[in-house]
Amino acid sequence: MKKALITGITGQDGSYLAEFLLSKGYEVHGLIRRASTFNTRRIDHIYRDPHPNGGELPFYLHYGDISVPESLMDLIYNIQPDEIYHLAAQSHVRVSFDMPEYTGNITGLGAIRVLEAIRKSGCKARFYQASSSEMFGGAKPPQNEQTPFEPRSPYAAAKVYAYWVTRNYREGYGLFACNGILFNHESPRRGETFVTRKITRAVAAIMAGKQRYLYLGNLDAKRDWGYAPEYVEAMWLMLQQDRPDDYVIGTGEAHSVREFLDEAFGYVGLDWHDYVRIDPRYFRPTEVDFLLADASKARRELGWEPKVRFHELVRIMVDADLELMGLTAPGEGKRILAERFSSGWHRWEHQ
Ligand code: NDP
Ligand code: GDR
């Protein structure tokens, strides 16, 4: 049985990746940080009580923090994982302008702490770094592995640092270390303050009569939005190759925030102009205008291709938020998932 360690397991991607690896027969370990309230809601359905008659899945959680090198060293030395997926980060671009140094510490230095823990513990683990399309920033679209980075936020600059130390440890110490340069990927588990989920939750709350207005920032930014469960499969594929490399992952289709609003509100028969208001507090000092993936290398070398397109993603997310609000959803999103992922490892009820 292969062992995997996931940092950031309580996040959107960590939770899907844990499910995916369990379905592949892995023993899965996750690093979680202590919080004063429960922060495991995305993984509660796979976590089983470890006491007699409790535990079934080989799934273990360990307290730690990406800012503390010792906890990483101990964990990696004791578990001796075959694969480490480093997903933990302060992942919000807007917040990185408010907390630049903290973001540098967690999102940037966090990666080198994990790399050093692997090197010093003598562990032979393969390493995945959650790199980001934000690193391309102001670079002209479409962006691929050859596109020079032009980071436009403290978050993006921290990710560029993490990207380069990952390459540095691959070249300098022979570590099997890969950068997955993932473009935006969303799901019903997306954090509530990212723009897609903010919109789909608002659609549901407006339908339920619980919200009047939705306050947003820049509606003109264009992003390449994909479906998160497909992206965690790409992470795994990278670590199964004969040699380590870096890969861009995205759909090759870009849309503006405005178009997302059209799709999401239009799906339930509403006109977003009646509900959306602009609040400058959501503007960023420097914005990334246009991200569009050229993922041809991943298609060629990993055989990775996304199935869920933009308008389908929106329907999946709106359906899920309507159900969460206790409303009856039109159901197109649910149908799309049932058709495309009939033998899949994640199920609608665990959205
Ligand atoms: P989330 O924000 O949903 O999850 C971030 C995770 O990191 C959470 O589990 C969080 O724990 C954990 N974390 C944050 N700070 C610390 C810390 N100090 N110590 C330990 N754990 C910590 O992000 P996503 O799942 O969306 O993204 C996963 C990774 O991929 C991130 O690195 C992100 O930057 C990157 N990425 C994401 C993309 C996307 O579109 N989703 C695209 C490209 C890259 P807690 O639950 O306790 O807060
Ligand atoms: P992003 O995602 O910055 O691309 O980073 P986000 O959803 O936060 O923003 C996308 C675009 O929408 C605009 N926007 C708003 N954004 C938020 N959050 N809230 C608003 O009210 C709002 N109004 C307009 C933003 O200005 C931006 O242009 C995500 C994160 O998951 C990163 O961790 C990851 O690396 C990148 O995607 C790829």
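Which residues gather in a patch of negative charge on the surface? They are Glu259, Asp262, Asp271 and Asp274. This is a predicted model, in which local features need pLDDT of at least 70 and side-chain atom pairs count only at pLDDT 80 or more, while totals for chains, interfaces and linings use all residues. Residues are numbered from 1 along each chain as its sequence is written, and side-chain values use heavy atoms, with hydrogens and water left out.

**View 1. Negative patch with Glu259, Asp262, Asp271 and Asp274.** A patch joins like charges within 9 Å, from residues with over 30% relative accessible area and no salt bridge (a side-chain nitrogen of Lys or Arg within 4 Å of a carboxyl oxygen of Asp or Glu). Asp274 sits in the loop between helix 8 (257–267) and strand 13 (276–278); helices (H or I, at least four residues) and strands (E, at least two) are DSSP runs. Asp274 counts as partly exposed because its relative accessibility is 43% (buried is under 20%, exposed over 50%, partly exposed in between, with a 1.4 Å probe and protein chains only).

**View 2. Val165 in helix 5 (residues 154–173).** With 9% relative accessibility, Val165 counts as buried. Beyond its neighbours within four places in sequence, Val165 contacts Ala111, Ile112 and Leu115 (contact means heavy atoms within 4.5 Å). Its C-alpha atom is separated by 9.3 Å from that of Gly108, 57 residues apart along the chain.

**View 3. Gly250 in the loop between strand 11 (246–249) and strand 12 (255–256).** Gly250 has a relative accessible area of 4% and is therefore buried. Not counting residues up to four places away in sequence, Gly250 touches Phe183, Asp224, Tyr231, Ala293, Ala295, Trp304 and Pro306. The C-alpha atoms of Gly250 and Leu291, 41 residues apart along the chain, are separated by 9.8 Å.

Methods:
Chains are lettered from A and ligands numbered from 1 in the order in which they are written. Patches are made of residues with over 30% relative accessible area and no salt bridge: like charges are joined within 9 Å, nonpolar side chains (Val, Leu, Ile, Met, Phe, Trp, Tyr) within 5 Å. Accessible areas come from the Shrake-Rupley method with a 1.4 Å probe; for residues, only the protein chains shown count as cover. Lys and Arg count as positive and Asp and Glu as negative; His and the chain ends are not counted. The place of a charge is taken as NZ of Lys, CZ of Arg, CG of Asp or CD of Glu.
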